[in-house]
Amino acid sequence: MGCGASKSISAVGPEQLEQQRDPEDYSLEPVTLQITNIEEFDGVFARLCALLNRLVELNNGVHCAVADCKAAFAVLAGGFELHVEFGPATDIVLLDLRSSKGERPSPEAVAQMGGRAVVREADLELEHARHALHDALSVCEPSVSLRVGKDGLLSAAPTGTPPDPAVLEQLSRFNASLAKLRSALSGSAAVVAVVVPAVAPGTPTVKVALHKSAMTLAFRTSGQAVTLLDVCGTHQAGNIKAAEAFLVDRSQHLAHRTKGLPMEWGVSASYAVTHANEIEDEDIQDQVDRILRGANLALFRLLNSGASVQAHASLTNAVVEVVRPVLAAIRDRHAGGMLSHRMRHMVSITPEVEFHNEDEGMPPSFDFAFNVALTPEAQVPDFPMCLTELGLGLLSTMEALKESIASALGELPGISGETDDLLERAKEFYELCPDAAAQMGFSMMDAVRCSKATGSNLKTLYETQELFLAFGENIKRVADELADSQGAVDAAIDEMLPESSHAAEVTGRGRPLPELSQVAEGDREGEYSEACTPARGTPIVAAPAPGRFKGSGAVAAGDEGRHGGGDRIGVGSHGAVVGVDTELPDQW
């Protein structure tokens with residue numbers, strides 16, 4: 001793209017947006033209904049719209065709480081942290097690597113390239129130069145447009161006005177850094193630069209950056225910038241680069257649509273861009289909302305992919321990261337010591353999930369807790385006092401996730417019941433529409449519009465019944481991941497606290513050493529009690545009563561009303577929550 005690149009605004013349809021969705025993005029779109037101009041109809045439709053959009057808000061609140069967990073996990077697991085800011089729109093330079101075949105090299109090949117100090121130095125220098133160029137572009141007046149020459153280097157597009165000297169200085173620095181990295185790679189890969197032109201230079205819009213996590217920086221001294229080779233050296237490179245390109249495109253379009261408007265931008269849930277002000281022009285408001293929808297899909301994809309560069313940013317792995325410091329404290333204190341053979345018996349860790357559906361008139365509920373028990377011989381601080389500040393941060397996000405789900409489930413029966421009642425009324429509106437239009441004195445054209453709007457609304461409402469199913473599947477997905485974490489915790493114990501080869505020969509008072517669950521709390525001198533605590537490895541998950549939803553273990557709520565039955569949620573062979581499908585009868 002050069003100075004002659006088109007600056008027209010292209011629309012992105014729903015299918016293209018869905019292509020940008022991360023497989024783990026379970027957010028829902030808000031519901032919109034049309035105005036019929038019949039007071040009774042519009043009153044019912046407005047209330048249904050409010051109820052369903054409250055369900056969307058609850059679902060997306062849970063999704064955002066999961067995103068916060070992923071962001072906190074990235075810090076501990078050595079992933080890339082997503083930082084979202086706002087600044088003036090400028091031309092944006094994107095970088096990528098290409099092999100001789102025109103494809104991005106494999107992570108293994110990139111890691112081999114980065115094994116040389118001269119390559120790592122040039123790679124970091126180029127990333128710093130790219131950011132410095134963007135900073136210079138954001139403050140120059142008038143704005144400067146960039147173009148890519150045939151040699152792949154950048155220059156300022158001729159405008160009749162001499163470019164800002166500061167921009168020219170940073171352009172020279174960037175080109176020198178680009179040439180240096182290309183030379184250092186010695187033909188093993190080509191560095192490609194692409195310019196995404198600013199459509200509305202100077203208008204505030206979304207700016208993002210990936211930073212190395214605090215845990216990574218504890219072991220490296222190259223700074224927080226995530227470089228081109230850092231990204232391409234991971235198996236998430238394709239996701240990160242695709243999300244980055246789409247986000248830059250959406251941010252430029254966002255600046256175009258909001259040019260001249262006093263926008264108040266904000267960020268929620270570690271990634272989601274929001275705005276607090278209302279736009280008077282409804283058409284522009286709709287366009288801004290659609291652009292933001294695309295930007296937020298790309299932002300979550302960036303967050304999840306960046307968090308997963310070392311290990312998958314799942315809730316299961318997040319649980320392991322929370323308890324890993326407990327195991328590390330025991331290992332560090334006793335490895336190689338007199339009690340090294342006892343390390344695995346000093347701790348019991350059980351992630352407990354309680355997930356209740358509607359039962360005996362009580363609302364559905366959700367709870368999650370870490371059951372961590374240490375014997376006195378462990379000689380380490382109790383949980384969670386043994387956690388670092390970063391570990392406590394991840395623990396707090398998981399607590400917030402639990403509260404978000406519990407709160408959402410508490411509202412669900414009321415939303416479900418009122419929605420059922422209003423849908424029964426709304427189903428009659430299509431047949432009542434001609435008489436109602438006549439009573440209102442509508443012209444033939446207005447009567448047709450009213451009939452079309454009513455039919456469209458009923459079709460939308462029928463389709464939005466899937467919202468309840470999606471919400472239930474989202475909650476169950478969280479419960480499953482947390483319940484499945486027991487196996488991952490046990491694997492971490494096996495890895496960090498290995499069983500001593502002679503442990504089986506060690507006995508206490510002539511008997512084999514018991515598990516921790518057989519150790520009495522007060523036994524400090526090696527006396528063992530036969531009393532047992534619950535065995536490690538069984539999450540607590542309640543089997544619910546029949547309810548509203550269809551699908552793989554969706555949460556049931558409300559009475560059996562509209563769907564005639566629902567799912568029962570139980571415990572699978574590994575302690576995970578499972579569901580049994582039921583049929584969804586035709587309700588129209």
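These questions and answers cover backbone features of one predicted model.

Local features need pLDDT of at least 70, side-chain atom pairs count only at pLDDT 80 or more, and totals for chains, interfaces and linings use all residues. Residues are numbered from 1 along each chain as its sequence is written, and side-chain values use heavy atoms, with hydrogens and water left out.

Visitor: Which residue does a cis peptide bond join to glutamate 141?
Guide: Omega of this cis bond is about -5°. The residue sits in the loop between helix H4 (117-139) and strand E3 (146-148). Helices (H or I, at least four residues) and strands (E, at least two) are DSSP runs, numbered from the N terminus. The partner is proline 142.

Visitor: What is omega for the peptide bond from phenylalanine 383 to proline 384?
Guide: Proline 384 lies in the loop between strand E10 (365-374) and helix H11 (389-426). The bond is cis, with omega near 5°.

Visitor: Is alanine 269 buried or exposed?
Guide: Alanine 269 is in the loop between strand E7 (265-268) and strand E8 (272-275). Its phi is positive, near 55°, and it is not a glycine. Buried means under 20% relative accessible area, exposed over 50%, partly exposed in between (1.4 Å probe, protein chains only). The relative accessible area of alanine 269 is 16%, so it is buried.

Visitor: What is the relative accessibility of glutamine 379?
Guide: Glutamine 379 belongs to the loop between E10 and H11. Phi is positive here, about 55°, although the residue is not a glycine. Glutamine 379 counts as partly exposed because its relative accessibility is 45%.
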